[in-house]
Amino acid sequence: MDVPLFATSLQPYHDRLSEAIDRVARSGRYILGPEVEAFEREFADYLGVRHCVGVANGTDALTIALRALGVGPGDEVVMPSFTFYATAEAAVVMGARPVFCDVDPGTFCVTPETVKAAVTPRTKAIVPVHLFGNVAPVEELRELGVPVLEDAAQAAGAERNGVKAGAMGEAATFSFFPSKNLPCLGDGGAVVTSDDAVAERARVLRFHGSRDKATFTDVGYNSRLDEVQAAALRVLLPELDGWIERRRAAARAYERLGLGEHATLPREVDGSRHAYHLYVVRADSLPVGRGYYRVPVHRQPAIAADVDLPGTEEAARTNFALPMGIDLTEAEVRGVIEACASGST
Ligand SMILES: Cc1ncc(COP(=O)(O)O)c(C=O)c1O
C-alpha cells in the first residue's frame, strides 16, 4: 500500500490560490504590501496575540526573535537537541550558545525538569520546541523567570489549556514551509508576540535594521514574507482549525484500529491539544515509517556538544513517523497498521 508520509493535497484550494496570486501579480505590490499587513493582522487575531511580523522562513524567524528578545553573542539559550537542526543553527548564527536539554521520549518535548537542569545565570532565553505538533509545557517554563521563545514551526493550530501554541511565551516563531500545518507556496515564516517592543525590534531587524529605509540603527536581515505567500496564507488560514480536526481524527483512527499493538503511540503533553503535524510512534524496529532526527543536533558535526541526553537518544533511536495529513482515509490507516503488523510495506 502506497500511502505518502504527508497525506495532504491543496488541490481543492488551487482555484482560490490562483486567484490570490493573480490579484498580487496585477497589484504591482510585491514586498511588504497590503497582503502581508492583512495576514499579519489575521494570524495575530487567530492566535490571540498582539503582533505578527512576517519573515522569510522559520529559521530567520528564530534568529530575529532571539535578537528581538535581547539575546546577544555569548548568551546561553536552552533548547532541546531532539529537533530540526534549524532551532540550534538560528542561535549559533547570531553568536548565542545553544545549551541542550533533554526531552521526554514519550512526548518528544522538553519538560520543566529537563529545562531547569540546563538553566544557568548566563541563560538569556529558553526555546521549547512544540515537536511534531505536541505542545511543550510553556506555562511551567515561564515560572523559571527566563524569556521563553516557542519554536512553533510544527505546531500551527495546536493548543494547551485553551491557549494557542504561539501565544504562551514572550514570543514564538512559525514556519510556513509547504509541508507544515499551515503551508504557503514556498518559504515563509513569522515572529509573533504580545510585547510591543519585541515586535518593533523584529520589524526593524527583518528590514536591514531600519524603521524608515533611510536610517539604519541595527545590522539586520533582508527577511520578509512576500505578498504572494501572504495572499496564499490568507486563503488557507481559515481552513486550519478544520484541518487540525482531520489530523486528530486520523490519530484517533490509528489508536482505535489497533496500532498500539505494534508500537508505542504518541502521548500528548498534559493539557495539550496535539496538532499532529507528524504522527510519530516508537518501536525498536518497524517495517514502515521514517525515523526523524536519528542524529540529534548535539551530535551533528557542526555542533558537537559534549552532553549526556538519554531521553533524546531514546527518542532518536526509536521514533517512526507514519502517514498523516488532512486526506488520510480510514482505509489507509488500516493499511498502515496491517503493514506494521505483517512486516510488509
Ligand atoms: C522545529 C523547527 N524549527 C525551525 C524550522 C525552520 O523553518 P524553515 O524551514 O521555514 O526555515 C523547522 C522547519 O523545517 C522546524 O521543523
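View 1. A polar side-chain atom of Ser175 lies 2.7 Å from an oxygen atom of the ligand, a polar contact being a pair of N or O atoms within 3.5 Å. Asp151 places a polar side-chain atom 2.8 Å from a nitrogen atom of the ligand, whereas Gly58 contributes a backbone N or O atom, 2.8 Å from a ligand oxygen atom. Taken alone the ligand exposes 390 Å², of which the protein buries 91%, with areas from the Shrake-Rupley method and a 1.4 Å probe. This is a predicted model, in which local features need pLDDT of at least 70 and side-chain atom pairs count only at pLDDT 80 or more, while totals for chains, interfaces and linings use all residues. Residues are numbered from 1 along each chain as its sequence is written, and side-chain values use heavy atoms, with hydrogens and water left out.

**View 2. The shell around the ligand.** Of the 14 residues around the ligand (a heavy atom within 4 Å), those that come nearest are Gly58, Thr59, Asp151, Gln154 and Ser175. The shell divides into 5 nonpolar, 7 polar and 2 charged residues, with Gly counted as polar. Helix H3 gives the largest share, 3 residues.

**View 3. An edge-to-face aromatic pair.** Phe39 and Phe176 form an edge-to-face pair, 5.6 Å centre to centre with 85° between the planes; rings pair if their centres lie within 6.5 Å, and planes over 60 degrees apart count as edge-to-face. The pair links distant parts of the chain, 137 residues apart, with Phe39 in helix H2 (residues 34–47) and Phe176 in the loop between strand E8 (171–175) and strand E9 (189–193).

Conventions
Polar contact = N/O pair within 3.5 Å; in protein donor to acceptor, adjacent residues only side chain to side chain. Helix = DSSP H or I, 4+ residues; strand = E, 2+ residues; numbered from the N terminus. Phe/Tyr/Trp six-rings, centres within 6.5 Å; stacked < 30°, edge-to-face > 60°.
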